[in-house]
Amino acid sequence: MDRKPYKLCNDVQLLCGLNKEWEKVLHLGVKKKIPKGVIFNSDQFESFGYIQKGSLRLSSVSDDGRQRIVFYLGEGCICMEIPILSYFEDKYTPEFVTTTDCVIYFFSKEFLTDENFIKNYPELIINFIHSMAVKSHAFFSQLSEEAVLDSTAQFCRFLCREYEKIKQTTFQLGFSQIELALMLSLHRNTLCRIVRELRKDNVLGKCTKNCIEILDLEKLRKLAQI
């Protein structure tokens, strides 16, 4: 199995290329072209998919409609496997939404317990387990930071990670403030207040979906508790 680290595309929340090895069995799946904005909820999780083109957003939705974005899955990733492997009901349900036009190959959940499939493609099962570990780590990191960091520190740490990827203090975020608030489990008004305070303190300049401008990187790192 290819042990190279998985690729993070554009931002820390978009996972890409985790399961490229599954390309070899696309002939066993059902190819579907799915337009942007289609929602997959718990009633539709009878199979798992492989994203050949496009991206999905995974969110956790509570019984009262509260939503938190967990991460985005891009090309080369398996999706919708977590719900079919969970055998209990919870007050929080997973929801997948296509964020672009997608091409997804769907596989029966029986593949994951089929002895012949496992025998013929052991490397795919190993890859599957590896990708589950990566996603579990993403879940764990989110919960850990939420437990120990205040709202300002969470947002500042997110921006520091963005900076570290490109080493530029001006970059395109790619998320609206609504999406980012859902991702960080913050109220939109809270995020807006944090942005206003950071701009007032000359830590940030522009702060829009298309342009983030870091004016004081050292202070941002201090606020992020890095």
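Me: Where does Ser59 lie?
Reply: Ser59 is part of strand 6. Keep in mind that this is a predicted model.

Me: Is Ser59 buried or exposed?
Reply: Ser59 counts as buried, because its relative accessibility is 1% and the cut-off for buried is under 20%.

Me: What does Ser59 touch, leaving out residues up to four places away in sequence?
Reply: Ser59 touches Gln67, Arg68, Ile69 and Val70, and also Thr93, Pro94 and Glu95.

Me: Let me step back. How many helices and strands are in the protein chain?
Reply: The protein chain has seven helices and 13 strands. It has 226 residues, and 45% of them are buried.

Me: And the contacts between residues at least 6 apart in sequence, how many of those join residues at least 24 apart?
Reply: In the protein chain, 75% of them do.

Me: What is in the largest nonpolar core?
Reply: That core has 35 residues. Those with the most contacts inside it are Trp22, Phe48, Leu56, Leu73, Met80, Phe96 and Phe107.

Me: Which elements give two or more residues to this core?
Reply: The strands are strand 5 (47–53), strand 6 (56–62), strand 7 (67–73), strand 8 (77–79) and strand 10 (102–108). Helix 3 (122–148) is on the list as well.

Me: Which one gives the most?
Reply: Strand 10, with six residues.

Me: Take Leu56. What is Leu56 in contact with, leaving aside neighbours within four places in sequence?
Reply: The contacts of Leu56 include Ile51, Phe71, Tyr72, Leu73, Cys79 and Met80. Phe96, Val97, Thr98, Thr99, Cys102 and Ile104 are also in contact with Leu56.

Me: New topic. How many aromatic pairs are there?
Reply: The structure holds ten aromatic pairs. One of them joins Trp22 and Phe107, whose ring centres are 5.8 Å apart with the planes at 65°, so this pair is edge-to-face.

Me: Where do Trp22 and Phe107 lie?
Reply: Trp22 is in the loop between strand 2 (14–16) and strand 3 (30–34), and Phe107 is in strand 10, so the pair ties together parts that are 85 residues apart in sequence. Trp22 and Phe107 are buried.

Me: And why is the pair of Phe48 and Phe128 edge-to-face?
Reply: Because the ring planes of Phe48 and Phe128 are at 70°, and over 60 degrees counts as edge-to-face. Their centres are 6.1 Å apart. Phe48 lies in strand 5 and Phe128 in helix 3, so this pair ties together parts 80 residues apart in sequence. Phe48 and Phe128 are buried.

Me: Which residues form one aromatic cluster?
Reply: Trp22, Phe48, Phe107, Phe111, Phe117, Tyr121 and Phe128 do.

Me: What sits over the ring of Phe106?
Reply: The charged end of Lys32 does, 5.3 Å from the ring centre.

Me: Now the helices. At what angle do helix 4 and helix 6 pack?
Reply: Helix 4 (residues 151–166) and helix 6 (residues 188–200) pack at about 70°, and their axes are 10 Å apart. The two helices are therefore roughly perpendicular to each other.

Me: Which residues make the contact?
Reply: From helix 4, Ser151, Thr152, Phe155 and Cys156. From helix 6, Thr190, Leu191, Ile194, Val195 and Leu198.

Me: Last one: where is Ala153 found?
Reply: Ala153 is in helix 4, and its relative accessible area is 0%, so Ala153 is buried. Ala153 and Lys222 are 69 residues apart in sequence, with their C-alpha atoms 8.7 Å apart. Neighbours within four places in sequence aside, Ala153 is in contact with Leu223, Ala224 and Gln225.

Notes:
Residues numbered from 1 in each chain as written. Predicted model: local features only at pLDDT ≥ 70, side-chain atom pairs only at ≥ 80, totals over all residues. Heavy atoms only, no water. Core = buried A, V, L, I, M, F, W, Y, C linked by side-chain atoms within 4.5 Å. Buried < 20%, exposed > 50% of the residue type's maximum accessible area, 1.4 Å probe, protein only. Helix = DSSP H or I, 4+ residues; strand = E, 2+ residues; numbered from the N terminus. Contact = heavy atoms within 4.5 Å. Phe/Tyr/Trp six-rings, centres within 6.5 Å; stacked < 30°, edge-to-face > 60°. Lys NZ or Arg CZ within 6 Å of the ring centre and 35° of its normal. Axes fitted to C-alpha atoms, helices over the stretch in contact; angles between N-to-C directions. Parallel < 35°, antiparallel > 145°, perpendicular 65-115°, else oblique.
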